[in-house]
Amino acid sequence: MECREIYTQGYKNSVSTNLEAADLIYGHKITGDIAARAFNPINRIVFAFASALLISSASAQINSSSVTVQTNESKDSLSAPPLVSNEAINPANAASLFSPVTQSNTPKIYTKGTPSGPAEMDLRQLWNELKLNNPQLSSLRESYLSAKATVPQINAPANPQVGLVWSGMPANSPLGLGGANAPSPQYPNGISSNNAISIAQPFQFPGKKSLASDIANTNAEALLAQSESTYLQLGAQLSTLYYSALASQKQLQVLKESVMRLEMIKNVAKARYSNNAAAYVEYLNAQVAQSSAQADQFNVERQLSVALNNINTLVGRHSREKLVLRGDVRRAMSSVPTLVELEDYAETSHPSLKSSALQLEAARKGVDLAKKAYLPDFQVVGSSFTPRGPFSANNGTMFYQLELDLIIPLYFFTKEKYGVEQAQRSQAAAEAGNISNRQQIVLAVNSAYATYEQAKSQAQFLKERQVPQADAAYKVGLTQYSNNGQGFNDLLTAQTQLRSLEVQLALAESNLLQAQAVLLVTSGKEPF
């Protein structure tokens with residue numbers, strides 16, 4: 001009997017589809033004898049059992065190489081993210097990447113001890129970890145402390161100079177430079193027989209040192225404001241990773257529910273096929289759709305694992321340390337201030353504007369300091385000397401001397417003139433930079449607010465209209481198909497559309513939370 005004789009009438013073509021499924025599983029051609037024996041009910045049951053057994057075995061092999069993820073059953077929020085572990089990874093393929101963290105293989109930059117279990121953190125705790133342990137922020141803090149340490153150095157008085165003069169050479173000594181110390185009728189003891197001790201103390205014109213130290217302190221505070229701005233930028237990156245990880249968790253939950261729905265559709269198709277009310281291909285199509293959802297789940301698990309590694313690195317932890325994220329989406333979706341309020345707050349409290357304002361203040365003080373260069377500096381010298389040589393036994397009279405030196409600008413004030421011009425140019429540049437920085441901050445707040453409003457509208461549209469409509473279409477299609485109605489393709493399409501919209505809703509909620517965090521950070525606020 002030829003295979004084409006099987007495709008004759010009604011729903012009996014389900015036997016042919018059963019044979020085709022067995023052919024796909026076993027990898028053999030369908031012969032005429034096999035087709036003839038397929039009409040036997042016992043053979044058909046054997047084929048179906050073998051098909052289900054091998055498909056479940058293949059699915060188990062796929063699952064054996066996946067990352068273990070524990071998700072929450074809650075549908076309302078992105079809270080209680082999954083536990084991601086690497087125990088299920090084949091160590092032969094990624095032994096170095098997923099090996100356990102120990103004290104021996106932990107880099108020296110990570111000074112904290114390796115935790116024994118997974119750390120559970122919400123967004124506020126992650127920001128605290130970022131502030132304390134991020135290497136870039138630690139470097140900026142040390143730079144600020146280094147700049148502050150220069151302030152007392154500048155304000156300290158200049159070091160005194162102590163001098164010792166020895167000019168008492170023996171008569172006719174070779175060190176006397178050709179008899180310069182030889183006695184003469186005019187100078188019986190020679191001309192170089194004085195010893196002296198002098199102490200010199202330089203002084204700057206009053207106000208110069210205090211102004212210079214004030215400029216150094218202002219620059220140090222500007223550096224601190226810059227570090228706070230960098231902290232907000234890194235925090236925005238951390239918030240983006242955090243909500244992306246929560247969105248991946250929500251996607252895992254959606255895909256898990258989709259697998260369960262497709263399992264229900266498979267059972268209905270199998271029951272209808274047993275009653276000769278549906279073709280076997282409908283069962284196979286439902287099975288293919290279920291496998292596709294499981295494959296998508298594996299990809300999302302990998303994305304979640306990468307996001308957690310990035311978060312660990314950003315907060316100063318080792319990337320392979322276990323981390324569990326906790327979050328309340330309903331609480332996170334709080335009311336946002338108006339655009340005018342955010343602009344006003346940014347113009348008064350943003351760290352970047354604080355830094356530029358401090359730099360402008362330092363530049364103005366620099367002009368005053370440059371003008372003080374026209375004023376002279378001083379030096380006081382006190383000395384004592386005696387007209388006796390170091391090798392003579394006589395004790396001469398001790399003399400004292402006080403000297404006041406005036407250090408005045410020379411060369412027609414050329415250096416001071418261009419020093420003032422340089423300071424004035426720096427002040428003009430600081431003023432222009434401050435204005436530009438203020439404009440950029442306000443523009444960034446406006447752009448972030450527009451992005452937030454767009455993300456909010458998209459999330460509301462998906463949540464209030466598209467997802468409920470897709471859910472209703474899926475339920476109607478499942479009810480009709482379960483009551484021996486037609487429309488399997490419509491049911492499968494409705495299920496796929498529902499899964500796609502639920503994933504889009506999870507991403508839209510994540511984008512909304514990310515836009516909200518970026519908006520608050522752009523205005524100079526922490527997003528909690």
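**Cores and helix packing in a predicted model**

Reader: What share of the 528 residues in the chain is buried?
Author: Buried residues account for 39% of the 528 residues in the chain. Please bear in mind that this is a predicted model.

Reader: And which secondary structure does the chain have?
Author: The chain comes to 13 helices and eight strands.

Reader: Turning to contacts between residues at least 6 apart in sequence, what percentage join residues at least 24 apart?
Author: Of those contacts, 80% join residues at least 24 apart.

Reader: How many residues are in the largest nonpolar core, and which have the most contacts inside it?
Author: The largest nonpolar core has 41 residues. Those with the most contacts inside it are Ile 265, Leu 342, Tyr 474, Tyr 481 and Leu 519.

Reader: Which elements give two or more residues to this core?
Author: They are α7 (208-274), α8 (280-314), α10, α12 (414-482) and α13 (488-522). The most comes from α12, which gives 13 residues.

Reader: What does Tyr 481 touch, not counting residues up to four places away in sequence?
Author: On that basis, Tyr 481 touches Val 268, Ala 269, Arg 272, Ala 278, Glu 282, Phe 488 and Leu 491.

Reader: Which residues belong to the other core, apart from this one?
Author: That other core has 31 residues, among them Ala 119, Leu 123, Leu 130 and Leu 246.

Reader: Now the helices. At what angle do α5 and α6 pack?
Author: Helix α5 (residues 123-133) packs against helix α6 (residues 135-155) at an angle of about 50°, and their axes are 6 Å apart. The angle makes α5 oblique to α6.

Reader: Which residues make that contact of α5 and α6?
Author: From α5 come Leu 130, Lys 131, Leu 132 and Asn 133, and from α6 come Pro 135, Leu 137, Ser 138 and Arg 141. The residues of this contact divide into four nonpolar, two polar and two charged.

Reader: And how do α10 and α11 pack?
Author: Helix α10 (residues 339-349) and helix α11 (residues 351-371) meet at an angle of about 40°, with axes 6 Å apart. The two helices are therefore oblique to each other.

Reader: Which residues are involved in the contact of α10 and α11?
Author: Helix α10 contributes Ala 346, Glu 347, Thr 348 and Ser 349, while α11 contributes Pro 351, Leu 353 and Lys 354. Three of the residues in this contact are nonpolar, two are polar and two are charged.

Methods: Residues are numbered from 1 along each chain as its sequence is written. This is a predicted model: local features need pLDDT of at least 70, side-chain atom pairs count only at pLDDT 80 or more; totals for chains, interfaces and linings use all residues. Side-chain values use heavy atoms; hydrogens and water are left out. Axes are lines fitted to C-alpha atoms, for helices over the stretch in contact, and angles run from 0 to 180 degrees between N-to-C directions. Helices (H or I, at least four residues) and strands (E, at least two) are DSSP runs, numbered from the N terminus. Angles under 35 degrees count as roughly parallel, over 145 as roughly antiparallel, 65 to 115 as roughly perpendicular and the rest as oblique. Contact means heavy atoms within 4.5 Å. Ala, Val, Leu, Ile, Met, Phe, Trp, Tyr, Cys and Pro count as nonpolar, Asp, Glu, Lys and Arg as charged, and the others, Gly among them, as polar. A nonpolar core is a set of buried Ala, Val, Leu, Ile, Met, Phe, Trp, Tyr and Cys residues joined through side-chain atoms within 4.5 Å. Buried means under 20% relative accessible area, exposed over 50%, partly exposed in between (1.4 Å probe, protein chains only).
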